[in-house]
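Student: I have a model open and want to learn how to read it. Where do we begin?

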Amino acid sequence: MSARWTNSERPGEHNIRHCFLLAAASGLRSSELLALRVNDINLSANTVRVEESSDQRNQGKIGLCKNATAYRTVLLCDPEGQTAMYRMRRILEGVSDSRSLIFQSKNGGPLLATNILNQGFYAALDALGFEKAGLHAFRRGCNRRWELAGINPAVIRQQMGHASAAMTALYTGELPLEDVRTEFRLKFGPQFMAWKCWVRQQCASQLKNKSFASF
């Protein structure tokens with residue numbers, strides 16, 4: 001039995017934007033994302049089950065996951081996750097084959113990440129003025145978002161399907177200065193803002209007097 005898509009969201013290029021949205025919300029590897037089937041999405045529980053992987057070096061052939069920790073159930077209950085699940089509900093309405101691939105080519109086969117990148121993603125990045133990047137950037141961004149939200153590292157490791165805490169730590173990278181400012185503001189609140197204003201006033205006063213001897 002083939003999948004039947006009853007609304008305007010059809011397999012292939014028409015729901016690629018939802019692929020990006022789910023990638024950013026879930027932190028799945030692109031090989032896991034492109035192997036998702038309809039019955040891997042539990043809309044009532046807000047979860048995505050990872051049980052297969054798409055071999056991008058072999059025409060997207062669906063098979064085993066990367067390792068034992070890659071087999072997991074990812075909970076999507078933050079704002080980004082809720083948005084992604086809402087979109088999933090829209091594109092899965094009326095699908096009759098629970099084993100159908102969610103993101104598939106026109107002939108019903110698995111999508112290739114290289115095609116997704118070349119046929120739209122790179123152009124979108126260029127239009128936005130962003131550096132060229134691959135789908136893995138969504139995974140790193142998701143990991144960082146959960147870290148900044150204060151999610152327990154053990155939970156993040158499980159959500160990401162990492163084999164070790166060291167691997168999860170590698171995903172942090174350098175945080176943008178604005179994220180650092182936001183974190184300090186949230187942790188120290190008015191006291192931090194008052195101190196920052198005092199420092200600015202002192203610097204302005206010393207610059208006006210052209211003397212730093214007493215500062």
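Tutor: Begin with burial. This is a predicted model. Buried residues make up 38% of the 215 residues in the protein chain.

Student: What counts as buried?

Tutor: A residue is buried under 20% relative accessible area. Take T168: its relative accessible area is 7%, so T168 is buried.

Student: Which helix holds T168?

Tutor: T168 sits in helix α7, residues 165-170.

Student: Which residues does T168 touch, beyond those up to four places away in sequence?

Tutor: With those sequence neighbours left out, T168 touches N143, E147, I156, R157 and H162.

Student: How many helices and strands does the protein chain have?

Tutor: Count eight helices and five strands. Then read their order from the N terminus: α-α-β-β-β-β-β-α-α-α-α-α-α.

Student: And contacts across the sequence? What share of those with a separation of 6 or more joins residues 24 or more positions apart?

Tutor: For the protein chain, that share is 64%.

Student: Are C19 and C65 buried or exposed?

Tutor: Apply the cut-off of under 20% again. C19 has a relative accessible area of 0%, so C19 is buried. C65 comes out at 10%, so C65 is buried too.

Definitions and conventions: Residues numbered from 1 in each chain as written. Predicted model: local features only at pLDDT ≥ 70, side-chain atom pairs only at ≥ 80, totals over all residues. Heavy atoms only, no water. Helix = DSSP H or I, 4+ residues; strand = E, 2+ residues; numbered from the N terminus. Buried < 20%, exposed > 50% of the residue type's maximum accessible area, 1.4 Å probe, protein only. Contact = heavy atoms within 4.5 Å.
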